[in-house]
Amino acid sequence: MSLKSTVVSAVRSIARRPPLSSVLFQPDIRRSLQSVPGLRAIYGGGWDLAHPFDRLNGTDTSGYVAAEDLPGSGFSDTWRHVYGGSQPSIVRAALRELPDLTGFTFVDLGAGKGRPALVAAGFPFQQVVGVELASSLAEIALRNVAIFQAQHPGFAPVRIVNGDAAAYPLPAGDLVVFLYNPFGREIIERVVANIEAALASAPRSLFVIYYNPVYGACFDASSPLQRYYAGTIPYAAAERGFGPDDADPVVIWTGGANLAAKPGADAAIRITHPDHRSELGSGPT
């Protein structure tokens, strides 16, 4: 990391601590200071901004981490993808498309700093698991879990696993598997094989939520999985400007559950930026 990046990171860290953050991040003050050259570095842009989720919960799930800045045991170019936090409103909207989740386990593969896992804890899951290979991100996620669970003792328990998401032994019972475009094709293919093995091991209901499904074709090619939902979900108003877009595509597959697909579930996935961005078309896959 360059000296400039280090200084900017330190300034942002100080600015995001209370009580200074309560002043600097008031909407009117933020808009004014962001227009001043030099001062806008306090806030960054998009993923770099301190997300409202963090300001509400005292957590650290914001920020953008480039692939080359993601060290971790066992890392290779096959694994490297950027880190940017998913929008809580989109995670919640996707989960609300599913039937009753009581007793299910939520597994976030490529959990990053843990934001989706913390959001999922507010649903009636039996447990929530985040699996992250980058030790630096897993350590931040662990701290976030401790902070969040102290504030929400009645939520589902959350644990973070520092390990290989593609080889992680999926828990027994009904599952929701979540991905926010965390891996390249080779790793996604391994994830699909792992899910297929889990479905073959015992009867269960399983859903795969793929947020920004760049490699959704790998799931479409899996015979045990069927499309259940596809939609482009807008950010909540309070989250606009805290990510790279204003809406994101989400596709959900199901396996082991005898459920009819929702209207539009067969929407085509179109790649608008190789490896990084997809959108849903009007035609079928």
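Which strands does α7 lie across, and at about what angle does α7 run to β5? Select α7 (135–151) and you'll find it across β4 (127–132) and β5, running at about 170° to β5. Contact here means heavy atoms within 4.5 Å. Angles run from 0 to 180 degrees between N-to-C directions, with axes as lines fitted to C-alpha atoms, for helices over the stretch in contact. Helices (H or I, at least four residues) and strands (E, at least two) are DSSP runs, numbered from the N terminus.

Before you click on: this is a predicted model, where local features need pLDDT of at least 70, side-chain atom pairs count only at pLDDT 80 or more, and totals for chains, interfaces and linings use all residues. Residues are numbered from 1 along each chain as its sequence is written, and side-chain values use heavy atoms, with hydrogens and water left out.

**Stop 1: the sheet**

Now show the strands. Seven of them form an open sheet with mixed pairing, in the order β5-β4-β3-β6-β7-β9-β8. Two strands pair if DSSP finds at least two bridges between them. Look at the edges: β5 and β8 each have a single partner strand, so one side of each has no neighbour in the sheet. On average, neighbouring strands are turned by 20° against each other, direction ignored.

Zoom in on β3 and β6, which pair in the parallel sense over 4 bridges. Pick V107 and you'll see V177 of β6 standing opposite. Then bring up α5, which lies across β3, β6, β7, β8 and β9 and runs at about 145° to β8.

**Stop 2: the cores**

Next, select L95, L98, F125, V176, I209 and V250. Out of the 37 residues in the largest nonpolar core, these touch the most other members. A nonpolar core is a set of buried Ala, Val, Leu, Ile, Met, Phe, Trp, Tyr and Cys residues joined through side-chain atoms within 4.5 Å. Buried means under 20% relative accessible area, exposed over 50%, and partly exposed in between (1.4 Å probe, protein chains only). At least two residues of this core come from each of α5, α6, α7, β5, β6, β7, β8 and β9. Another core, of 32 residues, lies apart from it, with V129, Y168, Y210 and L225 among them.

Centre on V250. Leaving out residues up to four places away in sequence, V250 touches I90, A94, I209, Y210, Y211, Y229, A230, G231, I233 and L280.

Hop over to F125, in the loop between α6 and β4. F125 is buried, with a relative accessible area of 6%. Beyond its neighbours within four places in sequence, F125 is in contact with L95, L101, F104, T105, F106, A120, A156 and V176.

**Stop 3: the salt bridges**

How many salt bridges does the structure hold? There are 6, each being a side-chain nitrogen of Lys or Arg within 4 Å of a carboxyl oxygen of Asp or Glu. Here are some to visit.

- Select K113 and D60, whose side chains meet at 3.6 Å, N to O. K113 is in the loop between β3 (105–109) and α6 (115–120), D60 in the loop between α4 (52–57) and β1 (64–65), 53 residues apart. K113 is buried at 7% relative accessible area, whereas D60 is partly exposed at 35%.
- Select D164 and R190, which meet at 2.9 Å, N to O. D164 sits in the loop between β5 (158–162) and β6 (175–180) and R190 in helix α8 (residues 185–201), so the pair ties together parts 26 residues apart in sequence. Both count as partly exposed, D164 at 29% and R190 at 33%.
- Select R277 and D248, at 2.5 Å, N to O. R277 lies in strand β11 (residues 277–284) and D248 in strand β9 (residues 247–255), so this pair ties together parts 29 residues apart in sequence. D248 is buried, with a relative accessible area of 1%.

**Last stop: S62**

Finish at S62, in the loop between α4 and β1. S62 is buried, with a relative accessible area of 6%. Its side chain reaches the backbone oxygen of L49 at 3.5 Å, and a polar atom of that side chain lies 2.8 Å from the backbone nitrogen of H51. Polar contacts are pairs of N or O atoms within 3.5 Å; within protein, one must be able to donate a hydrogen and the other to accept it, and residues adjacent in sequence count only if both atoms are side-chain atoms. Not counting residues up to four places away in sequence, S62 touches W47, L49, A50, H51, D54, Y83, K113 and R115.
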